[in-house]
Amino acid sequence: MHIVLPHDASLDGHLVDGVIGYLTLTTGLAFLAVLVFLLIAIVFHRERAGRTRAHHTHGNRPRDRALTFAVALVMFVAIDVTLVARTAGELSGRFWRYPDGDPNALRVEVTARQWSWTFRTAGPDGRFGTGDDVVTLGELDVPVGRPIYLKLRSRDVVHSLYLPSFRTKIDAIPGSTTRLWFQAQEAGRFEIGCAQHCGVSHYKMRGLLIARPEGEYHDWLARAETDSRLRGDAALPVAGEADGWDWETGR
Ligand SMILES: [Cu+2]
């Protein structure tokens with residue numbers, strides 16, 4: 001899987017890779033089985049001297065139908081039902097279990113627009129839209145080993161925050177608030193993309209996710225708070241956008 005997928009730096013990304021791997025393996029095996037069956041049919045039933053040609057049926061005899069139904073049922077259960085059950089369990093147990101009650105989770109407000117991402121962290125007072133907010137453009141800084149809880153809004157059209165190294169993605173939709181959580185398991189610099197074509201400069205909506213060890217993140221946050229205060233970020237139009245909605249309720 002390492003050949004085709006970006007490096008997985010997340011807590012739960014292996015679950016996604018597991019589903020992709022299972023689907024690739026099972027459909028690959030099914031494809032192989034059909035190929036082998038066809039090859040056998042072609043090679044062993046070809047016209048030869050001293051042998052009659054293959055016997056053809058229309059496949060509508062009861063035993064043909066029973067066999068077709070049995071094979072289809074086995075494949076449906078082994079591939080589709082298994083995958084749906086597995087995915088549903090992982091979604092409700094992990095991906096959709098948002099860290100609402102977790103005081104340790106880092107809360108981030110994400111604003112998407114044509115064509116950039118704005119990330120806002122609440123700062124020490126834990127409230128958005130106040131003077132100690134840390135606002136970054138196109139860069140999301142997170143600590144390693146803590147849940148990162150994002151709530152997203154769009155200013156214009158549909159965008160989609162895509163974190164390939166964390167195997168997760170969520171649309172930012174005008175008029176509603178969407179959310180997403182993930183956890184970085186290692187420090188590093190990772191790609192942020194927009195996965196929804198959103199206009200002529202869609203390709204410019206690349207961003208950078210920087211995951212730092214807790215201590216380093218703390219230092220960064222202290223510096224960023226000072227910078228934000230000195231620049232007066234809270235008074236900038238970009239900061240003022242937060243006043244339109246409340247992070248906790250999403251309205
Ligand atoms: Cu976009």
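Predicted model: local features only at pLDDT ≥ 70, side-chain atom pairs only at ≥ 80, totals over all residues.

Residues are numbered from 1 along each chain as its sequence is written, and side-chain values use heavy atoms, with hydrogens and water left out.

- The largest pocket has a volume of about 610 Å³ (a pocket is an open set of points on a 1 Å grid over the protein atoms alone, with protein on both sides within 12 Å along at least five of seven lines; lining residues have an atom within 4 Å of a point).
- It is lined by 14 residues, and F37, D64, L67, T68 and V71 sit closest to its centre.
- Two elements, α1 (13-44) and α2 (62-95), each give two or more residues to that lining (helices are DSSP runs of H or I with at least four residues, strands are runs of E with at least two, numbered from the N terminus).
- The second largest pocket holds about 280 Å³ of space.
- Among the 16 residues lining the second largest pocket, those closest to its centre are A105, L106, T121, G123 and R146.
- Helix α3 supplies the largest share of the second largest pocket's lining, with five residues.

**Cavities**

- There are two cavities of 30 Å³ or more (in a cavity, a 1.4 Å probe fits but cannot get out).
- The largest cavity has a volume of about 70 Å³, and its lining includes S10, D12, F95 and W181.
- Strand β8 (residues 178-183) gives three residues, the largest share of the largest cavity's lining.
- The second largest cavity has about 30 Å³ of space, with F119, V134, E139 and W220 among its lining residues.
- Strand β4 provides the largest share of the second largest cavity's lining, three residues.

**Helix α1**

- Helix α1 has 32 residues and reaches 46 Å from its first C-alpha to its last, close to the 46 Å expected at 1.5 Å a residue (the expected span is 1.5 Å times one less than the number of residues).
- Buried residues of α1 include G13, L15, V19 and A30 (buried means under 20% relative accessible area, with a 1.4 Å probe and protein chains only).
- Part of what covers the buried residues of α1 is α2 (contact means heavy atoms within 4.5 Å).
- Why does T26 count as buried? Its relative accessibility is 14%.
- A polar atom of the T26 side chain lies 2.7 Å from the backbone oxygen of Y22.

Note on methods. Points joined across faces, edges and corners; volume = space filled by probe spheres on them. Buried < 20%, exposed > 50% of the residue type's maximum accessible area, 1.4 Å probe, protein only. Polar contact = N/O pair within 3.5 Å; in protein donor to acceptor, adjacent residues only side chain to side chain.
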